[in-house]
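Subject: Structure for you to look at

Hi there,

Here is the structure I promised to pass on. Please open it next to this email, and then read on for what turned up.

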Amino acid sequence: MVNTFRNLISQAARKKIDASYRTYVAVALVAAMLLSTYNVFAVPTPGLVAVGPTSNATGYPSWYKDSNGTRLELCLDGGLNPICGYLPGDIPNPAAPITVPDNYPATAEAFYMLGSALMETDSATGGRAILVLALEAAFSGGTVVSGDQITFGRIRIWIDNLIPNAQYRVTHPYGVDNFTADPVFGRRMIRYVEDIGIGAPGDFSGALNSRIGPFLFWDPAIAPAAPAGYIGDPDILHEVAGSPLNTNFFRVEGPAGSFPGSVDQCADPALGDDPIATDDCIQMDQFSLIGKYATNADVNANRATYTQGNANGGQIDVFANTEPGMDIQVDGFGNPILTTDGNGYYFTQVSYTGNPPAQLQVINTSDTPDTSKTISVTDLVTITKAEFITATGTLRVDALSSDTYNDPILTVAGFGDLDNNNGRLEVSGLAIPPQNVTVTSAKGGSATAAVAVNVVPPIPVPTITGFTPINGVVGTIVTITGTNFNSASDVSFNGIPAVFTVDSDTSISATVPGTATTGLVSVTTPDGTAASIGNYTVIVPPTITNFTPSNGLVGASVTITGTEFTSATSVMFNGMAATFTVDSDTQITAQIPDGASSGPISVANPAGTVISAANFTVDVPWPLVVSIVRASTNPSNANTVNFTVTFSKPVTGVDGSDFSVLNAGTTM
């Protein structure tokens, strides 16, 4: 019985992939000879949650992980051990390590999990119902070729000798499928194959979308226990566990008379379509099971990109992933340990001198033996612009390299090199835009970006130079820089038009209007785009009130009005500091200092700008000596010397006694 069962299952499981789906697609769903009516019920959420690093030896994932945290590796044990389903001669050299393409099973197939169940549909003809549940590794062309590796989750249901056009319900560990028996297929009236996950070369994530998972395993409550390190033994039929639907069996239900004389008829008469008949349901809970628990985590070296800005060297960013909790390090550079995010992703930076290395090695030292990956070190290419203008059929691509010292040539695949001076390529006269562009570097880096269509380059928001928010003065000239300025541009301060001069297409000189105080600077470019620059404050020159040039008295108070006065303001009368009080931010009361006579009032605003106001004359209550001039010959040996004294006001009763002589030695 076991040998017959194994031969049937082996033929079903090892059937080569049909040429109709030997193509690379992201996710492939294949229904071979699917019946006219087919439904799937009770489909669980994906039971596979992660795919491991790609093995150096086989080119397949080192493991798949299910939602229970169980990791299975490819079951590739051969020789005298049939636990992975291989017969003697299947593996060229069973004593040597398994490698692709030199020492791999001749069947060109291997399994992370293979569960199979077999039932009898009728006793007279030996018809059978076959279920195959597998997570399989194969080659897209059917033969062992490096780079041709694919993986997929498979559900295969083959059932013989049914009632033509009758409805049948198939329950298995990963769902419930409904079919209509089709006599066009002859004896095998249900022939269904679902393969999900056949991906592009190197992409093995598609199998995560299949219905396979969580993995089945021998029910530990039922003896014997599974061999150590394996989920089961294909030569021993055994009850299984692990179904996400708790349907750890293979059952087929239909109308009465579907399974006459079958030894696998259901024990429960409530099953099947007929509540009285006993030949409308068959069921089996004995499975042949293949699978090996993963012992190593392996590691993926995902990226090693360098940055260099001078001749001294630079740094390399290293990215890797594998299972969480591993010790991952870079060989050399002091063997630094990569930092993890706790979710299986790892990162570090290493420094180098001179030129970057061509390669580096990432090692998982938590594995036994260590596992490693070698990765090329390249620069990092960044595409900053990829746009297409349909009006001119122009493709514009801007990109840069992380190697600014060597400045490698960047090339847009299919279009040409970027200008090394500005990092841009422009190609005109194209009929349609490309969907994507790929830029490659002479230093090995590359990047791909989607092309934006009908993009009009934005006009940068102008900026102001030579002007700060608190030191503007009415009549001050400020410079505004931006792009595309010409005589059609417009400048306003707080909504008030400003007189301006176009210095160039990137610069405007504008004069702050006399009525502006506080608000926004705005510029309208020739295309009508209005760009607001920012808030500003204009200091209006102070004015003087309650003061006339001829009636001021020493100590008299004057009021000065203006804007933005604070305690940092200063007031001067003819160069002499005046005592003042800030009444408000628009008014100051100042006192005329002693000794002042005539001159300008000047006010320094908070920004330090000195503003001169009107001249003034101060009347003092007593005459002041305006000048003393020698009236006689100079020098003179006479005993008496005459001086002419000029006063600020008429005086009387003045004589020599009102003056004194300061003898400073031999010279007066």
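Below are my notes, starting with the whole chain and then going through some local spots.

Before the details: this is a predicted model, in which local features need pLDDT of at least 70, side-chain atom pairs count only at pLDDT 80 or more, and totals for chains, interfaces and linings use all residues. Residues are numbered from 1 along each chain as its sequence is written, and side-chain values use heavy atoms, with hydrogens and water left out.

**The whole protein**

Of its 668 residues, 43% are buried; buried means under 20% relative accessible area, exposed means over 50%, and partly exposed is in between, with a 1.4 Å probe and protein chains only. Taking contacts (heavy atoms within 4.5 Å) between residues at least 6 apart in sequence, 60% join residues at least 24 apart.

**A salt-bridge network**

There are 17 salt bridges, each being a side-chain nitrogen of Lys or Arg within 4 Å of a carboxyl oxygen of Asp or Glu. One network links Lys385, Glu387, Arg396, Asp398, Arg424 and Glu426. In it, Asp398 and Arg424 are bridged with their closest N and O atoms 2.8 Å apart. That pair ties together distant parts of the chain, 26 residues apart: Asp398 is in strand β25 (residues 394-401) and Arg424 in strand β28 (residues 424-427). Asp398 is buried, at 12% relative accessible area, while Arg424 is partly exposed at 27%. Arg424 also meets Glu426 in a salt bridge, at 3.3 Å from N to O, and Glu426 is partly exposed at 42%.

What does Asp66 have around it? This residue lies in strand β3 (residues 64-66) and is buried yet has no salt bridge; the nearest side chain of opposite charge, Lys65, is 8.3 Å away. For charge, Lys and Arg count as positive and Asp and Glu as negative, with His and the chain ends not counted. The side chain of Asp66 does reach the backbone nitrogen of Thr70, at 2.9 Å. Leaving aside neighbours within four places in sequence, Asp66 is in contact with Gly47, Leu48, Val49, Pro214 and Phe215.

**Backbone points to check**

Most residues other than glycine have a negative phi, and most peptide bonds are trans. The Val100 to Pro101 bond is cis, with omega near 10°, and Pro101 is in the loop between β4 (71-73) and β5 (110-120). Another cis bond joins Ala223 and Pro224, with omega about 0°; Pro224 sits in the loop between β11 (217-218) and β12 (240-241). As for phi, Asn165 has a positive value of about 65°. Asn165 is in the loop between β7 (149-160) and β8 (167-172) and is exposed, at 53% relative accessibility. Asn335 has a positive phi as well, near 50°, and lies in the loop between β18 (328-330) and β19 (339-340).

Happy to go through any of this with you.

Best wishes

Definitions and conventions. Helix = DSSP H or I, 4+ residues; strand = E, 2+ residues; numbered from the N terminus. Polar contact = N/O pair within 3.5 Å; in protein donor to acceptor, adjacent residues only side chain to side chain.
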